[in-house]
Amino acid sequence: MATYYREPSRTFSEYLLLPNLTTKDCTPDKIMLHTPMTKFTKGGLPALSLNIPFSSAVMQAVSDDRMAVALARSGGISFLFNSQPVEEQAAMVRRVKGYKSGFVVSQSNLTPDHTLRDVLALKAKTGHSTVAVTDDGTPNGKLLGIVTGRDYRTSRDPLHKRVGDFMTPFFKLVCGTSGLTLPDANDLIWEHKLNCLPIIDGQQRLQYLVFRKDYDQNKENPLELLDGNKSYVVGAGINTRDYTTRVPALVKAGVDVLVIDSSDGYSEWQRDTIAYVKSNFDVPIGAGNVVDREGFLYLVEAGADFIKVGIGGGSICITREQKGIGRGQASALIEVAQARDQYFEETGTYIPICSDGGIVHDYHITLALAMGADFVMMGRYFARFDESPTKKLKVGNNFVKEFWGEGSNRARNWQRYDSGGSDSLSFEEGVDSYVPYAGGLQENMEKTLSKIRSTMCNCGALAIDELQKKARITVVSGTSLIEGGAHDVMLKESAFSAE
């Protein structure tokens, strides 16, 4: 006989937080949103943590290298979508890792015999406006000069003009030497009013570039998520089909963390994928998605470093109506969090969980954290912003951005829904849609984070783990949902409602 769960499958909208005493010490500026991302033992530290509990979904319409840079700059992480050729995903990783660093290995290099045409082509390919000119065109060749946009005029200079004829030559450059500290390098930049400081060794061979803009951005974004080399942290999705090809390329490119992207993670396919990664590479890997204790424990025993929770709760996901499988996001998260806490108590190993899907309103994020999630993964939320890779369109009188699911025919990501059958998508589990355009990521996300911090103050919690211990959560009725919004009034237009 089938097993029946008598408790209804509940969503975040069916719950509210009850306030606790707010002390005078509990103010929004003191709230810490730092959270573990990978497993750790009691008394130890995780290999990877987040400065804010946000990750962007493994989706074509959400997570490319531009989104990864923007989100890491604010303290979160993106997982670059894997429904693309291996080489293109690895190239995205390299672009993120090279975008921000105290000491950047030059990725745009030419020789003096190249031409302006080569400079423009390289700029179009990499997006870099600074080109190092070395004797052999490599990142570590003998430095002969630098080319920036101030060294040429496309309206007047012929495309065949030699780089050696218009570059800023070495003898005019201010350079630092190997062993220079980052603060000293920044002092040189400010003293000489530079935008870029080359770092060379005793044989004049180029080692690194240090940029003024990196210093400015670091001061403006104190929560930046950086690795030990001060490069942005970036994740990447993989599937259970081509991982023996994809993972080595991503690791070589410098990826910080992997996640298996699948609609259903409770499978032997994921166990085998985790085993391969753990046996061959020193890189954390998350797994999922699961909705119950059994699925969680299976992936934990397989070696996963974090677990994603949620099936069918995404705004563009139609898995539940197509296959009749899934669970309300709140119910799934509550059960998995209980299993995680029990596992920690019994073994001393803490496995972070990521709540993936089911977020409609900002307060749902706070509820997810209170229910036990260490961080959340969102697609629709990030798809609305300038930094997402999709087109901004005008539909009627409103601006929108395109947003489609990985289970849609447009994405053609059959590997995400692979059950060991044919190499194709036999039916859709996602839709192709629009989301209202919202503007830039940073300004919108700061509003969301402000709401989270304010609610945590109401709950008397200064950190996420404290919120999980202190939170008091109640089920709400349908009529109380109506009561919770504006009702029985005629609303005026306001500056806030117009945004």
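**Cores and surface**

Tutor: In the largest nonpolar core, which has 102 residues, Phe-54, Leu-258, Phe-296 and Phe-382 touch the most other members; such a core is a set of buried Ala, Val, Leu, Ile, Met, Phe, Trp, Tyr and Cys residues joined through side-chain atoms within 4.5 Å. Helix α11 (residues 329-347) gives the most to this core, namely seven residues. This is a predicted model, in which local features need pLDDT of at least 70 and side-chain atom pairs count only at pLDDT 80 or more, while totals for chains, interfaces and linings use all residues. Residues are numbered from 1 along each chain as its sequence is written, and side-chain values use heavy atoms, without hydrogens and water.

Student: What is Phe-296 in contact with, leaving aside its neighbours within four places in sequence?

Tutor: Its partners are Val-290, Ile-307, Val-336, Ala-339, Arg-340, Tyr-343, Ile-351 and Ile-353, where contact means heavy atoms within 4.5 Å.

Student: And Thr-448, buried or exposed?

Tutor: Thr-448 is buried, because its relative accessibility is 2%, and buried means under 20% relative accessible area, exposed over 50%, partly exposed in between (1.4 Å probe, protein chains only). Thr-448 sits in helix α14 (residues 441-458) and touches Phe-54, Asp-362, Ile-365 and Tyr-381, not counting residues up to four places away in sequence.

Student: Switching to Leu-16, where is its place?

Tutor: Leu-16 lies in strand β1 (residues 15-18); helices (H or I, at least four residues) and strands (E, at least two) are DSSP runs, numbered from the N terminus. Leu-16 is partly exposed, with a relative accessible area of 38%.
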